[in-house]
Amino acid sequence: MTEAIALYVHWPYCARICPYCDFNVVRARGREGEAEVLFEAIIADLAAQAALVGPGPLASIFLGGGTPSLMSPAHVERLIDAATSHFSATPDLEISLEANPTDAETARFRALQGAGVNRLSLGLQSLDDEALVQLGRNHSAGEGLRAAEVALEVFDRVSADLIYARPHQSLEQWSRELERTVALGFEHLSPYQLTIEPGTAYGRMASRGQLIPPGEDMAAQFFELTQSLLSARGFEAYEVSNHARGAGARARHNMHVWRGGAYMGIGPGAHGRLALEGRTATLTHRAIRDYVEAAREGPAFAQVTALSDADAAEERVLLAMRTLEGAQLADLETLCGSPVPSLAPLVDEGFLRIEDGRVIATGKARPVLDAVMAALLA
């Protein structure tokens with residue numbers, strides 16, 4: 001392998017399951033023995049997938065979940081050592097870890113930094129106590145502020161996640177909350193509109209009429225406020241939901257994925273995209289027991305799918321069009337032929353622009369990007 005590969009590791013354990021979450025997660029309490037077995041399976045799966053793709057440069061490591069800050073720092077260090085033993089680390093290797101801002105997890109930040117983590121993604125979600133209760137979070141606004149202070153002291157690079165367009169939230173409330181978060185000094189912010197997913201506690205509440213999120217028009221106002229306020233404070237929206245203070249603050253792992261780079265998915269229910277005989281989509285077993293059993297025999301894949309050139313091109317387009325870089329015109333031509341028939345009207349209407357062989361969504365397109373992409377790829 002000569003192409004750089006990124007590594008995503010999914011740690012499925014959480015102290016509490018948030019009502020809006022549709023990720024592959026389980027309650028951590030009472031599963032300590034299982035977690036030890038799962039960690040060994042992750043190490044084995046990493047080795048098996050690494051043998052499959054062969055040696056090469058390692059672009060980034062991202063520990064997500066779930067709540068990987070619940071992992072012991074010793075396990076984090078061992079995992080990083082394993083990854084860098086299978087692949088050659090780039091000089092500026094980005095190693096990110098998602099963390100919740102509870103006091104217990106904040107106490108681990110220095111040890112996690114010592115284990116090799118150099119970028120922390122902090123799940124603040126809100127700085128309002130009432131909203132945190134509504135979101136089912138197990139930390140307070142005060143804990144969030146303390147975690148932010150410690151994280152910014154310990155790590156050179158820190159990002160924060162926020163959730164907006166919550167039920168009963170006003171634009172004024174969100175503006176104050178976002179301003180307060182900006183003032184803390186993060187280099188990177190990821191504000192996400194609350195999405196009600198079927199099968200979640202929020203989804204069930206919404207189906208019974210017990211939870212009513214903002215309508216489309218109000219959600220659009222929340223989005224526009226977020227973009228304008230962060231832009232005015234020096235943040236660049238380099239992706240629809242990700243804002244950085246300059247190119248150096250962008251999440252390199254995410255950029256690698258959005259640019260169509262290869263990445264390994266390790267852990268229960270993790271997706272990957274490997275450069276085997278063409279681009280290959282992988283999905284590991286979702287259930288922890290199934291994952292552990294599969295990892296004893298080799299890569300813990302539940303599904304392996306060779307993507308056609310058209311499928312790979314469509315995937316690259318859908319990811320890249322969310323970013324400031326946009327998609328390669330060549331990928332669109334693979335899908336739609338040359339010239340791309342649906343491109344001109346969208347350019348004329350101000351939704352797209354063509355620049356240096358790439359097609360880029362304008363600021364006008366971002367609030368309605370799904371509709372623009374549907375028209376482009378129809």
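Biologist: Is tryptophan 258 buried or exposed?

Modeller: Burial is read from relative accessible area: under 20% is buried, over 50% exposed, and in between partly exposed (1.4 Å probe, protein chains only). Tryptophan 258 has 11% relative accessibility and therefore counts as buried. This is a predicted model, in which local features need pLDDT of at least 70 and side-chain atom pairs count only at pLDDT 80 or more, whereas totals for chains, interfaces and linings use all residues. Residues are numbered from 1 along each chain as its sequence is written, and side-chain values use heavy atoms, with hydrogens and water left out.

Biologist: How many aromatic pairs does the structure hold?

Modeller: A pair of rings is described by the distance of the centres and the angle of the planes. Rings of Phe, Tyr and Trp (its six-membered ring) pair if their centres lie within 6.5 Å; planes under 30 degrees apart are stacked, over 60 edge-to-face, the rest tilted. The structure holds seven such pairs. One of them is the tilted pair of tyrosine 20 and tyrosine 202, with 6.3 Å from centre to centre and 55° between the planes. Tyrosine 20 is in the loop between strand S2 and strand S3, while tyrosine 202 is in helix H8, 182 residues apart. (Helices, H or I with at least four residues, and strands, E with at least two, are DSSP runs numbered from the N terminus.) Tyrosine 20 is buried at 14% relative accessibility, as is tyrosine 202 at 2%.

Biologist: Which residue forms a tilted aromatic pair with tryptophan 258?

Modeller: The partner is tyrosine 238, at 5.9 Å centre to centre and 55° between the planes. Tyrosine 238 belongs to strand S9 and tryptophan 258 to helix H10, 20 residues apart. Tyrosine 238 is buried, with a relative accessible area of 1%.

Biologist: How many salt bridges does a search of the whole structure find?

Modeller: Side chains of opposite charge can pair when their charged atoms come close. The criterion is a side-chain nitrogen of Lys or Arg within 4 Å of a carboxyl oxygen of Asp or Glu. The search finds 17. Among them, arginine 252 meets aspartate 92 at 3.8 Å, N to O. This pair links helix H10 with strand S5, 160 residues apart. Arginine 252 is partly exposed at 34%, and aspartate 92 is partly exposed at 47%.

Biologist: Which residue forms a salt bridge with arginine 322?

Modeller: It is glutamate 239, with the closest N and O atoms 2.6 Å apart. Arginine 322 lies in the loop between helix H12 and strand S15 and glutamate 239 in strand S9, so the pair ties together parts 83 residues apart in sequence. Arginine 322 is partly exposed at 29%, whereas glutamate 239 is buried at 3%.
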